[in-house]
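Biologist: I would like a close look at one part of this model. Please take me through the contact between the two chains.

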Amino acid sequence: MKLNLLSLGQSANLKSISNPLFSTKLAELGLIEGTRFSLILKAPFNGPIAIHFGNTTLSIRSEEANYLLVDKVK
Amino acid sequence: MRIALFGNPNTGKSSLFNLLTGLKQKTANFPGVTVEKKEAKFERNGEMHSLFDVPGIYSVYPRSKEEEVVYDILKNPSDLNYPELGIVIIDSANLQRNLYLFTQLSDLQIPLVLVLNMQDIAAKKGIEIDLATFQKQIPNTPIVLMNARVGLGKNRLLEAIDLQIREKKVNPMFLEGYQMLSLEDIAAQKKEAEDRYQKIDFWLEEVVTQKPLPQTKSKLDAMLTHPFFGYAIFSLILFVIFQCVFTLSAYPMEWIEIAIQKAANASRNALPPGVFTDLICSGVLPGLGGVFIFIPQIALLFFFIAILEETGYLTRVVFIMDRIVKPFGLNGRSIVPLLSSMACAIPGIMATRTIPSWKERTITLFVAPLMSCSARIPVFTLLISLVIPKERILGIFQLQGLVLFALYFLGMFSALAVAWVMKQLLKEKNQNFLLMELPDFKSPVWRNVGITVLDKIKLFTFEAGKIIVAISIVLWALSSHGPTTEKKQALSSLHKTSRYQKASMTEKQSMVESVKLEHSYIGIFGKTLVPVIKPLGYDWKIGIGLITSFAAREVFVGSMATIYAANETENNLSLRTKMKRDRHENGTLVYDLGTGISLMVFYVYALQCMSTLAVVKRETKSWKWPILQTLTYGGMAYLMAFLCQIVF
C-alpha cells in the first residue's frame, strides 16, 4: 500500500520506491527495501509526514511519500 | 595542513567547531560559489594549520547545490580545499547512519579522527557501544569520546589530531577499490549504499547493544505540529520575539544615536573648518551612525532565531509551514530568511543558502525585501504621526498601531503575491526533496548562539555598512554643493526676511542649511522629480527625501529635518509641527491623508536599499535579479502609491 495511507502510530516495512533518485537518497540515509519504520507525525493540511526508523526521525513531503510502497506491520 | 570537519547535520558539529576555534573563526565563501566556509588558523605544536567546517552532509553525494561543494572538493585531490586530515563527528545514538559518511571518507584514504559525540544521550536511549571491538574495524583511526556541548574530551581530541598530523594513518578500504562515482550515476550510488550498509550492519552487530526502551511518543512534537496549536504557538513565539526586539532595542539605539552626535560635534570642534572636516562630520559619521543604529535590532532578532535553531524547534516550523508556503513557490526553509528580513534583508537573503531548490531559493530572496525591514520604521513612525489621528477603534485598538501593523501585513501579503507570480514564471531543473531530520530537542549551546549573533552583526556591519557609508558620502557631496549663483541669491533673500532676522542663532543656522539643501544638486534632482511624483501628491522636498533614501531608508527622516530646518529634538516634535503645517503653492496641505498613506505604501514596496541589491547580485551571481527587483518593486511602489493617493 502507499505510505500515505498509513495512519499515525502504525509501523511498516518499506517495500519499494518508484523514484530512482529519491530511492538513492533514502538508501544513503539507511532506509532501503525491507527497513522497518513507524509513522509518528503528520503535518496539517496534507503537509509532510515524519517517520521514525533506528534512532532517526525523518520528514518527507506527502508528494514524496507517494513514491513509497510499504507493507503494514501489525 | 588543511583539516576539515565532517559530520551529519545535528551531530554537534558547530559546537565542536566553535569549541576548537572560538572567536578566531572567519566566514568566507568556498571559491566560486555562495556556500559559507568557516575557517580558522589552528596551531598545534608550533605548526600552523587551517581548520575549516564543511556543510553537514549524510553522504559525499550531494542533495543540493550547497552539498555539491563538498563533492567537488573530494572528487579532485588537487583542489585547493582538499583535506589532508578529516575530523568526523558522529552522533553515538545514530551510529549506523553516521558511519556511512565516515566509511566513504575512509575509503578515500583521507587520514581521519573519529569523534563519538553525544554519548550521554545515547546512554539515555539505552545504547551501549563496545569500543574495543568497534576500534578493531578501524585500527588506524583514533576514536575520541566527547561531549562537544560542554567541551568534554577536547584535550583527548587535540592529542588525536596531533597523532594523525604526525602519522597520517588510513584504514583498509570497506569497499575494495572504491572510487568516487559521478554525480549522475544514481544506480551505482544506490548500490554503494546497499553495500556499505551491509558492511556497517555487520560491523555494528558485535559492537552496539540497544536496550529496547518503550518508545514514548513525544507529546511536545504532537503539540508543536497540531493543526491549531502548532500554528498558534508559532504565532505566539513570533509575537513575543518581535515585541522583545523592538522594545529592548530602543535603549541601545538611543545611546548609539547620542554617541554618534557627540562624536560628530567633538570632531567638528577638534578639526579645522573645511571640506574634509565637513566630509567626516556630515558625511562619514552620520553614514556610520545609520549603520550602527540598527545593530541592536539585528543582534536581538538573530539571538532569538539562533535559540530557536539550537533547540531544534525550527525544524518543526519548517515541518508545519512547508505545505502552506509551497503554493507560493516557497519552501518551509524560507521562513527563517523571510523572518530575518524583517530586521534586515541582508542576512535574510544570505540565509536562503539552506534552501536546496534553486527556484524556491531565488523566489525567497527575490521577495525578501518586501518584508518590511527595520530601516522603514522611522519613516513609518514619522508619517503615521503626521496623518493618522491618535484615536482608538472599537475602544481598544490604537489606530496608529493598526496602521503600522497594516503596513507590515501589506508587505507580507505582497511578498506572497509576487512569489506566486514568480512560481508560474520560473523553471526548476533539478528534483529536490525535503528529507529533513527532526532532531531531539536540546537546550541551546550558548557559545554557538553568541558566535552566530556576532557573525550576523559582522555581516550586516560590513556588507551593508560599506555601501551605506559610500552612498552617504556621495549624497553629502551632492547636498553640500550646488550652482553657486543661485545659492548665493537664495541665501541673500533669506537674510532679508523678517523670519530670519527674528530667529535665534541655532534657528538661523537651520534655515541656512535648509536653503543650502534646496539649492544643492540633490535639491535640483528633487525638483526635477516633481513632474513624476506630483500625481502621487509629493513635492520637491519629498523628492529629496526619496533620493537620500538610497543610502538607507531612514535617512528620509534626517533629510526632512534638514529641509524643514527643524532640529531633531524630542521625537522630532518641531519637525512634525512644520511638516504638518506645510502647504503646496495652491494652499492644500502637503501631508494630507492621501499623501501620507501613499508615501508609506511607497516605502513598503520601493527597493531603495542599495546594500540589498548588492547582496542579491552576489548571491545570484548576476545583475539580472537585482535589476528585475528594482524595476518590479519601483513599478509596484508607484502604482500602489498612486492608488492610495486617489483612494484616501
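How many residue pairs are in polar contact between chain B and chain A?

Modeller: This is a predicted model. Between chain B and chain A, 19 residue pairs are in polar contact, both residues at pLDDT 80 or more. Several elements of chain B give two or more residues to the side that touches chain A. They are helix H3 (95-107), helix H7 (186-205), helix H8 (219-224), helix H12 (313-325) and strand E12 (436-437). H7(B) gives the largest share of that side, six residues. By class, the side of chain B that touches chain A holds 20 nonpolar, 10 polar and 12 charged residues.

Now the charged pairs. Two salt bridges are found across the interface of chain B and chain A. One of them joins Lys190(B) to Glu33(A). Their closest N and O atoms are 3.0 Å apart.

Next, the extent of the contact. Chain B brings 42 residues to the contact, and chain A brings 38 residues. About 3300 Å² is buried between the two chains. Carbon and sulfur atoms give 59% of that area. In chain B, the residues that lose the most area to chain A are Phe319(B), Phe433(B) and Leu435(B). Together they make up 20% of what that side buries.

Last, the strands. Strand E4 (residues 56-60) of chain A is joined to E12(B) by two bridges. The two strands run antiparallel. Ser59(A) has Met436(B) of E12(B) as its bridge partner.

Technical notes
Residues are numbered from 1 along each chain as its sequence is written. Chains are lettered from A and ligands numbered from 1 in the order in which they are written. This is a predicted model: local features need pLDDT of at least 70, side-chain atom pairs count only at pLDDT 80 or more; totals for chains, interfaces and linings use all residues. Side-chain values use heavy atoms; hydrogens and water are left out. Contact means heavy atoms within 4.5 Å. Buried area is the accessible area (1.4 Å probe) that two parts lose on being put together, summed over both. A salt bridge is a side-chain nitrogen of Lys or Arg within 4 Å of a carboxyl oxygen of Asp or Glu. A polar contact is a pair of N or O atoms within 3.5 Å; within protein, one must be able to donate a hydrogen and the other to accept it, and residues adjacent in sequence count only if both atoms are side-chain atoms. Helices (H or I, at least four residues) and strands (E, at least two) are DSSP runs, numbered from the N terminus. Ala, Val, Leu, Ile, Met, Phe, Trp, Tyr, Cys and Pro count as nonpolar, Asp, Glu, Lys and Arg as charged, and the others, Gly among them, as polar. Two strands pair if DSSP finds at least two bridges between them.
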